[in-house]
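Welcome to this short tour of a protein model. Please have a look at the sequence and the structure below, and then read on.

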Amino acid sequence: MAVVDLAFWTAADPGRVWRYFTSAADLSTWHGKAEYFEARPGGRVRFCDPGWDPVEGVVTRVEPGRLLSWRIPADASEITETFDPDRGGTRVTIVQRGTAAGWPPDGLPGRIRGWEESIADLVLLLDHGVRAARHLARRAETECRPGMSPPAWLSAPSALTGRPRPPAFASVTS
């Protein structure tokens, strides 16, 4: 089993951060094109980014404002996100456990890079009000077509540094 364990801090309050993880419209501004995200046990989840197969899941556990857990049956992974008040902001921990069978072509490193890019985009948005350009460009594409190769922006250098970013806040085991 592969595990990605990430943590980050944002100056935003836990309620605002929670909304960006549980509202499809807000998720789509930083993580991927969320068609729906029903934040209740048994709720449906669907991301459909252009160039990628749709990702569908089901919410397994919700403690509003504190904990969110959901499962992706296609790659047998479970994602648990916790939200803790910390130093006037929020500490978010994301743990994803899975077989890595359905993960990006480069496997675990690709999954880590994807999370790191998304987290950087979220912090940029929450703390500075800036939406990453790659999300603006990506939203112009509306069609999700299964079986396509990953979009070019995925392999582009970091939007923040211009170069590949090391896994600065990831702990990985397999």
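## Overall layout

Among the contacts in the protein with a separation of 6 or more, 54% are between residues 24 or more positions apart; contact here means heavy atoms within 4.5 Å. This is a predicted model, in which local features need pLDDT of at least 70 and side-chain atom pairs count only at pLDDT 80 or more, while totals for chains, interfaces and linings use all residues. Residues are numbered from 1 along each chain as its sequence is written, and side-chain values use heavy atoms, with hydrogens and water left out.

The protein has five helices and eight strands. Helices (H or I, at least four residues) and strands (E, at least two) are DSSP runs, numbered from the N terminus. Along the sequence they follow the pattern β-α-α-β-β-β-β-β-β-α-α-α-β. Of the 174 residues, 46% count as buried. Buried means under 20% relative accessible area, exposed means over 50%, and partly exposed lies in between, with a 1.4 Å probe and protein chains only.

Let us begin with strand β1, which covers residues 2-10 and holds A2. A2 is buried, because its relative accessible area is 5%. A2 and G107 are 105 residues apart in sequence, but 9.6 Å separates them in space, C-alpha to C-alpha.

D5 also lies in strand β1. With 31% relative accessibility, D5 counts as partly exposed. From D5 to I94 the step along the sequence is 89 residues, and the C-alpha to C-alpha distance is 5.9 Å.

## Helix α1

Helix α1 spans residues 14-22, and its buried residues are V17, W18, Y20, F21 and T22. Why might residues spaced along a helix point the same way? An α-helix has 3.6 residues a turn, so residues three or four places apart point the same way.

At the start of α1, a side-chain oxygen of D13 comes to within 3.0 Å of the backbone nitrogen of G15.

## The nonpolar core and the cavity

Which residues touch the most other members of the largest nonpolar core? They are F8, F21, F37, L68, W70 and I94, in a core of 33 residues. Helix α3 (residues 107-128) gives this core its largest share, eight residues. A nonpolar core is a set of buried Ala, Val, Leu, Ile, Met, Phe, Trp, Tyr and Cys residues joined through side-chain atoms within 4.5 Å. Leaving aside residues up to four places away in sequence, W70 touches F37, V45, F47, V58, V59, T60, S77, E78, I79 and E81.

The model has one cavity of 30 Å³ or more, and the largest cavity has a volume of about 40 Å³. On a 1 Å grid over the protein atoms alone, a cavity is a set of points where a 1.4 Å probe fits but cannot get out, and lining residues have an atom within 4 Å of a point. Grid points are joined across faces, edges and corners, and a volume is the space filled by probe spheres set on the points. The lining of the largest cavity consists of F21, L27, W30, H31, F37, F47, W70, E81 and W115. By class, seven of these lining residues are nonpolar, one is polar and one is charged. Ala, Val, Leu, Ile, Met, Phe, Trp, Tyr, Cys and Pro count as nonpolar, Asp, Glu, Lys and Arg as charged, and the others, Gly among them, as polar.

## Two loops

D75 sits in the loop between β5 (67-72) and β6 (77-86). D75 counts as buried because its relative accessibility is 6%. Its side chain makes a polar contact of 2.6 Å with the side chain of S77. A polar contact is a pair of N or O atoms within 3.5 Å; within protein, one must be able to donate a hydrogen and the other to accept it, and residues adjacent in sequence count only if both atoms are side-chain atoms.

Most residues other than glycine have a negative phi. A76, in the loop between β5 and β6, has a positive phi near 50°, and at 45% relative accessibility A76 is partly exposed. R87, in the loop between β6 and β7, has a positive phi near 50°. R87 is exposed, with a relative accessible area of 66%.

## Q96 in strand β7

To finish, look at Q96 in strand β7 (residues 89-98). Is Q96 buried or exposed? Q96 counts as buried, because its relative accessibility is 1%. The side chains of Q96 and W115 are joined by a polar contact of 2.8 Å. Q96 and S69 are 27 residues apart in sequence and 9.6 Å apart in space, C-alpha to C-alpha.

Terms used: 1 Å grid on protein atoms, 1.4 Å probe; cavity = no way out; pocket = protein on both sides within 12 Å on 5 of 7 lines; lining within 4 Å.
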